[in-house]
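Biologist: I would like a close look at a single part of this model. Please keep it brisk and give the cut-offs as you go.

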Amino acid sequence: MPESTQSRETSLHAVHKGLGALFTDFAGWSMPVRYASELAEHKAVREAAGLFDLSHMAEIHVRGAQAADVLDYALVGNLTGVKPGRARYTMICDADGGVLDDLVVYRLADEEYLVVANAGNADVVAEALAERVAGFDAVVENRSADTALIAVQGPRAVDVLAAATDADLGALKYYASVPVVVKGHEVLLARTGYTGEDGFELFVPAAEAPALWRILTEAGEPHGLVPCGLACRDTLRLEAGMPLYGNELTRELNPFAAGLGRVVKFEKPGDFVGRSALADLAKADVPRVRVGLRGAGRRAPRHGYAVLSGDVSVGDVTSGALSPTLGYPIAMAYVDRAYAEPGTKLSVDIRGRIEPVEVVDLPFYSRA
Amino acid sequence: MSIPQNLSYTKEHEWLSVVDGVATVGITAFAAESLGDIVFVQLPAVGGTVTAGEVFGEVESTKSVSELYSPVSGEVVEVNETTSDTPEVVNSDPYTEGWLLKVRLTGDVPELLDAAAYAALTQEN
């Protein structure tokens, strides 16, 4: 894949080049797609640990006396209910209930939150928050350009971090964050990730990312840590049944269709953007729902392929791959409700060949 | 990236070696590297025919599907069965163990690139 000269580069670009990364354009960023073998990188995350550059993600801070209130208004989740030091998966919707982005929001302090948005939606989310803050005693500050994000994911991630920081990692729960010092670098350390494994995400000033990357590489060496690109990140999150914006989530879809209606907190007080539309959608029968599909052989259903019941098209594949961990094809798809029950036998049109699949529960893979 | 001197190449990143009217066809190391880890190879049946410039199969990597174009016309006399169980052999050894098919030529061999010309082509890429 030729490297685009138009793409933005993260502060780790030279490090990736030095490691022999192959780059791909992703949401306007030149990102490592893999360093050597994406299957080996995938396996490393499942069995040891992987190191990811996620600096293309957006970091938007919301601060002020009404920071909690503005996020309760701007997002579908109950952010007032998040304790300082904890994080929550949520979404930002438009007035029609369409999903603008899915987010992880960290409450850093009583009056400060960090909203992490997908790279491709960085501007949409920053602009929406900037609009929605009007009238609230809070400020929105987009610090994406100055913030790097590095993830360490896998069963040995805790060993890797323990070798680099004196912080009490045992006390850091899943979906929690804490400021720590990693060999002289002040980072926000979060126990979050997008791989289905235990792991950490480290927010650091962009200029310090290369030094932090080296520290983690060194700390991880005895634990099998390898640098990982976006290719394996995608197969990891697919196995874990996690939605990808642009595939399983779009502005044309709402949280209920995605099977993620639980993120919409109608019980929170006050109005929020999309409440009325989402309330109607919650009552209506969603025509198509997100399901998992399991195939046979090695041929994978892929994004955009038709899901069939007999000759009738009953859905579309949104993501699919030959699962590196499980060894059979897996896919996520939106299918008509009547065909969404686990065990339902369907098929997928894979470039003209009709291959049998079965509806299965998500996720495909859960760590032991 | 290795480009053996004794093979011929197409602009579509296949390699070709002709012995006694039978062409052995594979994809180049450059193509395999560009695709990423190959997880599935679809090849035609032995006894079938392939036509120069037309699709004869597919290779799938984790992230992509690529069609394979035949550089020659003829009858398929052998396909590399190894690639069905261990498609990764196309990544690890594209020029020997990872060959794809053997074709008994029925037409002329089209104009192909030598190793130097193919090296120049991949440099441009």
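What is the order of the strands in the open sheet of six strands in chain A, and what is its pairing?

Modeller: The order is E11-E12-E13-E10-E4-E14 of chain A, and the pairing is mixed. This is a predicted model: local features need pLDDT of at least 70, side-chain atom pairs count only at pLDDT 80 or more, and totals for chains, interfaces and linings use all residues. Residues are numbered from 1 along each chain as its sequence is written, chains are lettered from A and ligands numbered from 1 in the order in which they are written, and side-chain values use heavy atoms, with hydrogens and water left out.

Strands (E, at least two residues) and helices (H or I, at least four) are DSSP runs, numbered from the N terminus. Two strands pair if DSSP finds at least two bridges between them. Strand E11 (177-182) and strand E14 (225-228) of chain A stand at the edges. Each has a single partner strand, so one side of each is left without a neighbour in the sheet. Neighbouring strands of this sheet are turned by 30° against each other on average, direction ignored. Axes here are lines fitted to C-alpha atoms, for helices over the stretch in contact; angles run from 0 to 180 degrees between N-to-C directions.

Now take one pair inside the sheet. Strand E10 (residues 147-153) of chain A runs antiparallel to strand E13 (residues 199-205) of chain A, and seven bridges join them. Opposite A:Glu201 in E13(A) stands A:Ala151.

Helix H6 (residues 209-220) of chain A packs on the sheet. H6(A) touches E4, E10, E11, strand E12 (185-190), E13 and E14 of chain A. Contact means heavy atoms within 4.5 Å. The direction of H6(A) makes about 10° with that of E10(A). Helix H2 (residues 38-47) of chain A lies across strand E4 (49-53), E10 and E14 of chain A. H2(A) runs at about 130° to E14(A).

For context, UniProt lists residues 12-268 of chain A as "domain: GCVT N-terminal", in an unreviewed entry. UniProt positions are given in the numbering used here, feature names are shortened, and annotations may be inferred rather than shown by experiment. That span, residues 12-268 of chain A, is 25% helix and 31% strand, and its end C-alpha atoms lie 41 Å apart. A backbone detail also belongs here. A:Ala27 has a phi near 50°, a positive value in a residue other than glycine. A:Ala27 sits in the loop between strand E2 (22-26) and strand E3 (29-34) of chain A. Most residues other than glycine have a negative phi, and most peptide bonds are trans.

Further along, the record gives another domain. UniProt places "domain: Aminomethyltransferase C-terminal" (unreviewed entry) at residues 288-365 of chain A. Residues 288-365 of chain A are 0% helix and 58% strand, with end C-alpha atoms 23 Å apart. The peptide bond from A:Leu362 to A:Pro363 is cis, with omega near 0°. A:Pro363 lies in the segment after strand E20 (353-360) of chain A.

Last, the partner chain. The contact takes 18 residues from chain B and 18 residues from chain A. Across this interface the rule finds six salt bridges (a side-chain nitrogen of Lys or Arg within 4 Å of a carboxyl oxygen of Asp or Glu). B:Glu58 and A:Arg351 meet through their side chains in a salt bridge (2.6 Å, N to O).
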